[in-house]
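I opened my notebook to go through this structure piece by piece. Here is what I looked up, in the order I went.

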Amino acid sequence: MRLVIDGLASIRSGRPVFSGLGLALEAGEALAIMGSNGAGKSSLLRIVAGLLPASEGSLRIEGGDADTPLAEEAHYLGHRDALKPALTPLETLTFWQSLLGRPLEAPQKALERVGLGHTAHLPSAYLSAGQRRRLALARLLIAHRPLWLLDEPTSALDAASEAMFNGLVVAHLASGGMVMAATHAPLGFASRIFTLGGRS
Amino acid sequence: MIAAFIVLFRRDLMLGARIGGGAGVGLVFFLMLVTIMPFAVGPDMALLARIGPAILWVAALLATLIGLDRLFQADDEDGSLDLLRMSPLPLPLVVLAKGLAHWISTGLPLALAAPFLGLLLALEPKALLAVTGTLLVGTPALTFIGAIGAALTAGMRRGGLILSVLVLPLMIPVLIFGISATAAALSGTIPFMTPFSILIALALFALVSGTVAATLAIQNAEG
């Protein structure tokens, strides 16, 4: 399976963010998207996720089920953790697992892998910023999606959690997954670097 | 797909019922609007009984607006809406599930509370029944018309104010036929079913067009 991006351009509010962007991502490969603030890292991830329209160019996933749209082949981890304060971590993961389909790991097991097993029944409102980020990471594990789109995935994570996160990514890549991560700091796993030009 | 629809519907019901969900606020607001009316118009029982159905309808309409702004805004703010858009459940069904759950936690309680509040306004039993019946059919129409405004203002801070201004004019037909069905049940110059079936038609129309319009608004939001 591979992701192919061809001649992609993005215009936001009449201002060109990037244009003529082309890249290919093979199974088992990680891509670190770097670039200055406003270079379009988040826009690129949101376009791949289908959340923003591309002004030009094409995106396709090769070697997958032809009937499955790209958005359903991808997990998106944005700046916001997409958690409800009133729901417990276990309820949150159980809900998303039923909604997303193609279940992978049991919610409780996913929580244990990100080190949140003990908070399973605590409302998410009581979690710290780092714990909330880890809960958002656990959502990557509960449903099968070959492509992970990660926007600043390690924000709010401490060193130990970052090591845990690197382990998750390495395991995902080993199983033939793909990762695209927008980042400022170098990532803790082997990745190809793609730099977006900044605004002049 | 049906399973995913039910799961989302149940989550929204659960969120509405929990602390911070705000499902009860509209109902309390409804109660307050109705109870302050006798203070405003005076303790004339005959007058209250005559304008009672109108009071209940206007109060229900205003109470529907409370909390409507959070219908999509809450999911937009915390990023859940992005993930819902990427899920295998088609976006119109996401909107429908959220709208239905919102109606059950905010609109349905208004219709069910109406007969009790009608007693405060000295309504006769026939009027109580008519108001409850019309509100039962009319509140889903109000919720789904409101969903259009909620989707348009989802990304806006303080969008609730603009939302009210946007959707209130669109709710007028529902109000007109809700009131005229109630009046028909009481006076009997025209059959009750004539305005009532138009009200049902408006509700069904709002269910479909509100869902489609809200879907388009969410899809085309810049963000």
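How many bridges join strand β6 of chain A to strand β7 of chain A, and do they run parallel or antiparallel? I found five bridges between β6 (residues 147-151) and β7 (residues 178-182), and the two strands run parallel. A reminder to myself: this is a predicted model.

**Entry: the sheet in chain A**
I picked out one pair and saw that A:Leu149 has A:Met180 as its bridge partner in β7(A). Zooming out, I traced an open sheet of five strands in chain A, ordered β5-β6-β7-β3-β8, with parallel pairing. Its edge strands are β5 and β8 (192-195) of chain A, each of which pairs on one side only. From one strand to the next, the twist averages 15°. I also looked at what packs on the sheet: helix α1 (residues 41-48) of chain A does, touching β3, β5, β6 and β7 of chain A. The direction of α1 makes about 145° with that of β7(A).

**Entry: A:Ala32**
Next I went to A:Ala32, which I located in strand β3 (residues 30-34) of chain A. Is A:Ala32 buried or exposed? I count A:Ala32 as buried, because it has 22 C-beta neighbours inside 10 Å, and the cut-off for buried is 20 or more. Leaving out neighbours within four places in sequence, I listed the contacts of A:Ala32 as A:Ala181, A:Thr183, A:Leu187, A:Ser191, A:Ile193 and A:Phe194. I also checked A:His184, which is 152 residues away from A:Ala32 along the chain, yet their C-alpha atoms are separated by 9.1 Å.

**Entry: two helices in chain B**
The crossing of α6(B) past α7(B) is right-handed. By class, their contact has 16 nonpolar, seven polar and no charged residues. Among the residues that meet there, I noted B:Trp103 and B:Pro115 in α6(B), and B:Phe144 and B:Pro140 in α7(B).

**Entry: where the chains touch**
Last, I turned to the contact between the chains, where 20 residues of chain A are in contact with 20 residues of chain B. On the chain A side, β5 (74-77) and α2 (89-100) each supply at least two residues. Which element gives the largest share of that side? I found α2(A), with four residues. By class, the chain A side has 12 nonpolar, four polar and four charged residues.

Notes:
Residues numbered from 1 in each chain as written. Chains lettered and ligands numbered in written order. Predicted model: local features only at pLDDT ≥ 70, side-chain atom pairs only at ≥ 80, totals over all residues. Buried ≥ 20, exposed ≤ 12 C-beta atoms within 10 Å, placed from the backbone. Contact = placed C-beta atoms within 7 Å. Left-handed = near helix turned anticlockwise from the far one by under 90°. Nonpolar A, V, L, I, M, F, W, Y, C, P; charged D, E, K, R; others polar. Pairing = 2+ DSSP bridges. Axes fitted to C-alpha atoms, helices over the stretch in contact; angles between N-to-C directions.
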